Amino acid sequence: MDLLASEKETAKAELALVKNKLRVAKDKADKWSQLNDDLRAQLSSAVVEWDALRREYAALRSTLDTTSADAEEMVAQYKVDVEAAKTCLKIKTEYMKRLSRRETLEEIHA
């Protein structure tokens, strides 16, 4: 009888120990599960942010390409305008020289 009671107490102690280990293992599993859920949420957030940045990059790249083309066109037009202004200035300078010579010749003849 004493042996059975002793074995019963030993079995209860082992059962309590196993229950305690099981509870600890369950707590660890719950923590890991929570950590896993948190990491999945962070990954999902990072993927969403990456997609948004990719779309923003594409939009900025498109704007840059358009702006670059517009700037190149403006530079080309400015070069044409500068050349036209230089030509006009040369013509006016030549005209002023000839006008000055004419006035000088008219003064000499007078």
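Modeller: What follows covers the salt bridges and a surface patch in this predicted model.

Biologist: How many salt bridges does the structure hold?

Modeller: There are 7 salt bridges. One of them joins the side chains of Arg23 and Asp27, at 3.8 Å from N to O.

Biologist: How far apart are Arg23 and Asp27 in helix α1?

Modeller: They are 4 residues apart, so about one helical turn separates Arg23 from Asp27. Arg23 is partly exposed at 47% relative accessible area, and Asp27 is partly exposed at 35%.

Biologist: And what does Lys26 pair with?

Modeller: Lys26 forms a salt bridge with Asp30, and their closest N and O atoms are 3.3 Å apart. Both residues lie in helix α1, with a spacing of 4 residues, about one turn.

Biologist: Is Lys26 buried or exposed?

Modeller: Lys26 counts as exposed because its relative accessible area is 51% and the cut-off for exposed is over 50%. Asp30, at 40%, is partly exposed.

Biologist: Which residue does Asp51 bridge to?

Modeller: Arg54, with 3.9 Å between the closest N and O atoms. Asp51 and Arg54 are 3 residues apart in helix α1, about one helical turn. Asp51 is partly exposed at 24%, and Arg54 is partly exposed at 43%.

Biologist: Switching topic, which residues form the nonpolar patch on the surface?

Modeller: Trp32, Leu35 and Leu39 form the patch, and together they have about 350 Å² of accessible area.

Biologist: Where does Leu35 sit?

Modeller: Leu35 is in helix α1, which covers residues 2–109. Leu35 is partly exposed, at 39% relative accessibility.

Methods: Residues numbered from 1 in each chain as written. Predicted model: local features only at pLDDT ≥ 70, side-chain atom pairs only at ≥ 80, totals over all residues. Heavy atoms only, no water. Patch = residues over 30% accessible without salt bridge, like charges linked within 9 Å, V, L, I, M, F, W, Y side chains within 5 Å. Areas by Shrake-Rupley, 256 points an atom, 1.4 Å probe, with all protein chains shown as cover. Salt bridge = Lys/Arg side-chain N within 4 Å of Asp/Glu carboxyl O. Helix = DSSP H or I, 4+ residues; strand = E, 2+ residues; numbered from the N terminus. Buried < 20%, exposed > 50% of the residue type's maximum accessible area, 1.4 Å probe, protein only.
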